[in-house]
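Let's take a walk through this structure together. Have a look at the sequence and the fold, and then we'll go through them piece by piece.

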Amino acid sequence: MEMLAKVTIRGAKLFRGNIDGKDLDSGKIFVDTELKGETSWGVCTSELKCEGSALIDTIKHNPFPFIAEVAMQEMSNGKVTTKVVTSIRPLQALKPEKAAA
């Protein structure tokens with residue numbers, strides 16, 4: 001299932017290399033996620049896997065954090081469901097937040 005979401009991207013990382021003879025190419029973005037519950041307030045950061053490091057290459061020049069539209073593919077093996085980001089379209093840069101005094 002393909003879905004679109006508007007998210008605040010706080011950070012991103014990629015890895016291209018070889019570990020134990022296995023070639024790896026991965027990327028992740030870190031997005032704001034709202035905390036819910038009687039004893040929770042604000043947001044935390046959640047990790048979303050990307051199709052590969054090339055997707056991170058397309059956004060690494062942007063000033064972080066920024067708002068983006070991301071396309072995700074949801075997949076399941078029957079037991080575990082995962083979301084993989086397939087595209088990222090930057091929409092708007094965010095102004096840096098002032099630190100609490």
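A polar contact is a pair of N or O atoms within 3.5 Å; within protein, one of them must be able to donate a hydrogen and the other to accept it, and residues adjacent in sequence count only if both atoms are side-chain atoms. Here's one: the side chain of Ser53 makes a polar contact with the side chain of Asp25, at 2.3 Å. Before going on, note that this is a predicted model, where local features need pLDDT of at least 70 and side-chain atom pairs count only at pLDDT 80 or more, while totals for chains, interfaces and linings use all residues. Residues are numbered from 1 along each chain as its sequence is written, and side-chain values use heavy atoms, with hydrogens and water left out.

Back to Ser53, which sits in helix H1. Helices (H or I, at least four residues) and strands (E, at least two) are DSSP runs, numbered from the N terminus. Is Ser53 buried or exposed? Its relative accessibility is 2%, so Ser53 counts as buried; the cut-offs are under 20% relative accessible area for buried, over 50% for exposed, and partly exposed in between (1.4 Å probe, protein chains only). Leaving aside neighbours within four places in sequence, Ser53 is in contact (heavy atoms within 4.5 Å) with Leu14, Phe15, Arg16, Asp25, Ser26 and Gly27.

Now for the inside. A nonpolar core is a set of buried Ala, Val, Leu, Ile, Met, Phe, Trp, Tyr and Cys residues joined through side-chain atoms within 4.5 Å. The largest one here has 15 residues, and those with the most contacts inside it are Ile9, Ile29, Val70, Val85 and Ile88. At least two residues of this core come from each of strand E1 (2–19), strand E2 (22–34), strand E3 (43–50), helix H1 (53–57), strand E4 (66–76) and strand E5 (81–93). The most comes from E4, with four residues. If you click on Ile29, you'll find that residues it touches beyond four places in sequence include Ile9, Leu48, Ile56, Val70, Val85 and Ile88.

How do the strands line up? Two strands pair if DSSP finds at least two bridges between them. E1 and E4 run antiparallel and are joined by eight bridges, with Leu4 standing opposite Ala71 in E4. E4 and E5 are antiparallel too, joined by eleven bridges, and there Val70 stands opposite Ile88 in E5. These two strands, E4 and E5, form a hairpin with four residues between them, and Gly78 in the turn has a positive phi of about 100 degrees.

Finally, the charges. Side chains of opposite charge can pair when their charged atoms come close. A salt bridge is a side-chain nitrogen of Lys or Arg within 4 Å of a carboxyl oxygen of Asp or Glu, and a search of the whole structure finds five. One of them joins Arg16 and Asp57, whose closest N and O atoms are 2.2 Å apart. Arg16 lies in strand E1 and Asp57 in helix H1, so this pair ties together parts that are 41 residues apart in sequence. Arg16 is partly exposed at 46% relative accessible area, and Asp57 is partly exposed at 28%.

Another salt bridge links Lys28 to Glu47, with the closest N and O atoms 3.3 Å apart. Lys28 belongs to strand E2 and Glu47 to strand E3, so the pair ties together parts 19 residues apart in sequence.
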